[in-house]
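Visitor: Could you show me how to read the features of a protein model, one at a time? I am new to this.

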Amino acid sequence: MMSSQQIFTTPITIFLVASEFKSFRRAAARLNVTPSTVSRAIKYLEEELGIELFARQRPMALTEEGSRLRKVLMQSQQSIDATIHDLQTHNYLKPNVAIGLPESINLRDGRALIEHLRPICSHILLSSGLSTVLKEWMIAHQLDLVVTTIDHDWPEGFFRIPILTERPLIVFPKKHVLPQGPVTWNSIRLTGLPLIGYSRCSAFEQVISALMQAENIPLEPLWDVDSSTVLFGLVEAGRGWALTYPSSLRKRDELKKTLHIFEPPSVLPERQLSVVFRKEHLRTIAEMIARFLNEVIESGEVSDGINF
């Protein structure tokens, strides 16, 4: 998605880039012009304004007048960039969209999702992260739609389309033997293996905290994991056991050899996966994302014969 700097290469733009890098040479490289072009543009601007913008010294620095001008121009440029982004995303025929996905979905379905949306979108930017981080980016207008497990506390003006609900599963290393008979929280605790938790910034942390309090489950103190790939690696290595969701286990057939995967001894809170978006004209795209992910997730199969 193009910004105002990429569209408008003027003396003002050259000044802003040069003031950012404090170097005519680096500004020239950034704008794909020659250093002499940058120098001429700055000289022209100084002559037209009747003020010096840069103190000719090493390292290069802005004069007081140059600093004041930069501050005002940056505010104007941000307004221009916001307007350009708004115009692009309001292209109702084929809009540009920035989409946020959880890591596990982005890794396995991001490419297919882009192909699925390509016929109705001009440009698609995919970002991945924790649900809490994606929510922050969404509120800050850095994303247009997010796939998230956070279904509450959204500001007014956001829309939500449910995809599916799912309950946690346990992943346990096969190199450690589970006690005979039905698995209970007590039998898991007696194995001596700690629970490996997700990042405290994740939505899943609430489920883990509730379990620890209710069942007196010890938590591994050394790790605060924010990636399912890292989590499964630690469990495979026998560092502990973990809770995860069925959608995180799709297309991971290699885990069948190293992990037991089973339902918890008691029912844990379910989570809802949803698409959240802020503009009504993006509803069609949000509905396409919801249908696509519902189909690919529902068609998956988890190791040890657990379907979801």
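Guide: Let's begin with burial: buried means under 20% relative accessible area, exposed over 50%, and partly exposed in between, using a 1.4 Å probe and protein chains only. Helices (H or I, at least four residues) and strands (E, at least two) are DSSP runs, numbered from the N terminus. In helix α4, the buried residues are V38, A41, I42, L45 and E46. Seen down the axis of α4, these buried residues fall within an arc of 130°, so they line one face of the helix. The arc is taken from the directions that run from the helix axis to the C-beta atoms.

Visitor: Which residues are exposed on the other side of α4?

Guide: There you will find R40, K43, E47 and E48. As for the buried residues of α4, they pack against α2, α3 and β1, where contact means heavy atoms within 4.5 Å.

Visitor: How far does α4 reach from its first C-alpha to its last?

Guide: For the expected span of a helix, take 1.5 Å times one less than its number of residues. With 15 residues, α4 reaches 21 Å, close to the 21 Å expected. After α4 comes G50, with a positive phi near 75°.

Visitor: Before we go on, what kind of model is this?

Guide: This is a predicted model, in which local features need pLDDT of at least 70 and side-chain atom pairs count only at pLDDT 80 or more, while totals for chains, interfaces and linings use all residues. Residues are numbered from 1 along each chain as its sequence is written, and side-chain values use heavy atoms, with hydrogens and water left out.

Visitor: How should I read pLDDT?

Guide: It is the predictor's confidence in each residue, from 0 to 100. This protein averages a pLDDT of 81, and 81% of the residues score at least 70. Where pLDDT is low, the predicted coordinates should not be read in detail.

Visitor: What happens at the start of α3?

Guide: A side-chain oxygen of S23 reaches to within 3.3 Å of the backbone nitrogen of R25. At the other end, α3 is followed by N32, whose phi is positive, near 60°.

Visitor: Which other residue has a positive phi although it is not a glycine?

Guide: One of them is K22, at about 55°, in the loop between α2 and α3. K22 counts as partly exposed at 39% relative accessibility. H141 has a positive phi of about 65°, again without being a glycine. It is found in the loop between α7 (131-139) and β5, and H141 is exposed, with a relative accessible area of 54%.

Visitor: And how many helices and strands does the protein have?

Guide: The secondary structure comes to 12 helices and 10 strands. Buried residues make up 45% of the 308 residues.

Notes. A polar contact is a pair of N or O atoms within 3.5 Å; within protein, one must be able to donate a hydrogen and the other to accept it, and residues adjacent in sequence count only if both atoms are side-chain atoms.
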